[in-house]
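Biologist: I am new to reading structures. Could you take me through this one, one question at a time?

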Amino acid sequence: MPRPFRFGVNLLTPAPAAEWRAKCRRAEELGYDVILVPDHLGMVAPFPALVAAAGATERPRLGTFVLNAGFWNPALLAREVATTDALTGGRLELGLGTGYVQAEHEAAGLPYGSPRERVDHLRRTVEELDRLLGSDEHQPRPAQSRVPLLIGANGDRMLRLTAEHADIAAFTGARPGSTPGSLEPLTAEELDERVARYRRLAVDRVAPAELNLLLQLVDVTDDPEPVVKPLLERQSQLTVDQALALPIVLAGPLEDVVAKVRAQRERFGFSYLTVLEPSMEAFAPVMERLREESA
């Protein structure tokens, strides 16, 4: 049997307290299973935002999507993770990545490093978190015996790290672009290859990880072409049909979008889908239909 669907929304826009709480409550009302926050300068500080989200909601899990490991010292991060998990009643899911925006590191006065150095730092961070949070002597203590770990990955070394350590394997559906800080979407065939590579690396896992995909564009509409116009302006090599076929794009009539989600779970194994805040309302009828069909 395929793994049941889970749905998350990544809240990107800072807001005053009342507005933030209302936004989190709306995500819960719409049926999202996970409320997520990113880790970029100019956006919310992840851990206080999640504690506030916990105070405004009851059901959703709460996660980082994803922390930029280059911003964090492992010992200090362990303290933040344990405290946040305790204060949210054991609802935390920790998402980690290497970070990919050099300008943010420079603005923070932190080294950016080479791709190899960034992956090495992430590996050290993951291993040190396992050691610290796995020790009964570490204070503070998280509420969960293990805070679920999500790693966002695409390259071979990142996929290996994900296969070794992550409870949730998150696929970006994109690779670094030619412009610093930019990303280029992967075709379905390219994503096939990445998922297959991950599965080979994860063949010895005791329990299979949950597979996640970040959806960049979502709209339920009878006229999907305008939805991908901003993408085509950035990716001029794509045709409209090619853009609409990308795994990270869901645009079209409701039945077509639902069918694509189901097909991608069958093809790639993606049962946990994350949308960005601007798509929060648009994705709600898709979630509802998928749950009706599974009932």
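**Bridges, burial and bonds**

Biologist: Which residue forms a salt bridge with glutamate 277?
Modeller: A salt bridge needs a side-chain nitrogen of Lys or Arg within 4 Å of a carboxyl oxygen of Asp or Glu. Here the closest N and O atoms are 3.0 Å apart. The partner of glutamate 277 is lysine 23.

Biologist: How many residues apart are glutamate 277 and lysine 23?
Modeller: Helices (H or I, at least four residues) and strands (E, at least two) are DSSP runs, numbered from the N terminus. Glutamate 277 is in the loop between β13 (270-276) and α11, while lysine 23 is in helix α1. The pair links distant parts of the chain, and the separation is 254 residues.

Biologist: What kind of model is this, and what pLDDT do its local features need?
Modeller: Residues are numbered from 1 along each chain as its sequence is written, and side-chain values use heavy atoms, without hydrogens or water. This is a predicted model, where totals for chains, interfaces and linings use all residues, side-chain atom pairs count only at pLDDT 80 or more, and local features need pLDDT of at least 70.

Biologist: Is lysine 23 buried or exposed?
Modeller: Buried means under 20% relative accessible area, exposed over 50%, and partly exposed in between (1.4 Å probe, protein chains only). Lysine 23 has 12%, so the class is clear: buried.

Biologist: Which residue pairs with arginine 26 in a salt bridge?
Modeller: The closest N and O atoms are 2.9 Å apart, and the partner is glutamate 281. Arginine 26 lies in helix α1 and glutamate 281 in helix α11, so the bridge ties together parts 255 residues apart in sequence. Arginine 26 is partly exposed because its relative accessibility is 33%.

Biologist: Why does the length of helix α1 agree with its residue count?
Modeller: Helix α1 covers residues 17-30, which is 14 residues. The expected span is 1.5 Å times one less than the number of residues. That gives 20 Å, and the lengths agree because the end C-alpha atoms are also apart by 20 Å.

Biologist: What covers the buried residues of α1?
Modeller: Those buried residues are Trp20, Lys23, Cys24, Ala27, Glu28 and Leu30. Contact means heavy atoms within 4.5 Å. The cover includes β1 (6-10), β2 (34-37), α2 (46-56) and α11 (280-294).

Biologist: Which residue follows α1?
Modeller: Look at the backbone angle there. Phi is positive, near 105 degrees, and the residue is glycine 31.

Biologist: Which side chain joins asparagine 212 in a polar contact?
Modeller: Asparagine 212 is in strand β10 (residues 210-215), and it counts as buried because its relative accessibility is 0%. A polar contact is a pair of N or O atoms within 3.5 Å; within protein, one must be able to donate a hydrogen and the other to accept it, and residues adjacent in sequence count only if both atoms are side-chain atoms. At 2.9 Å, the partner is threonine 274.

Biologist: Over which ring face does arginine 6 lie?
Modeller: A charge sits over a ring if NZ of Lys or CZ of Arg is within 6 Å of the ring centre and within 35 degrees of the ring normal. Arginine 6 is 4.4 Å from the ring centre of tyrosine 272.

Biologist: Where is the valine of the cis peptide bond from phenylalanine 65 to valine 66?
Modeller: The omega of this bond is near -15 degrees. Valine 66 is in the loop between β3 (61-64) and β4 (67-68).
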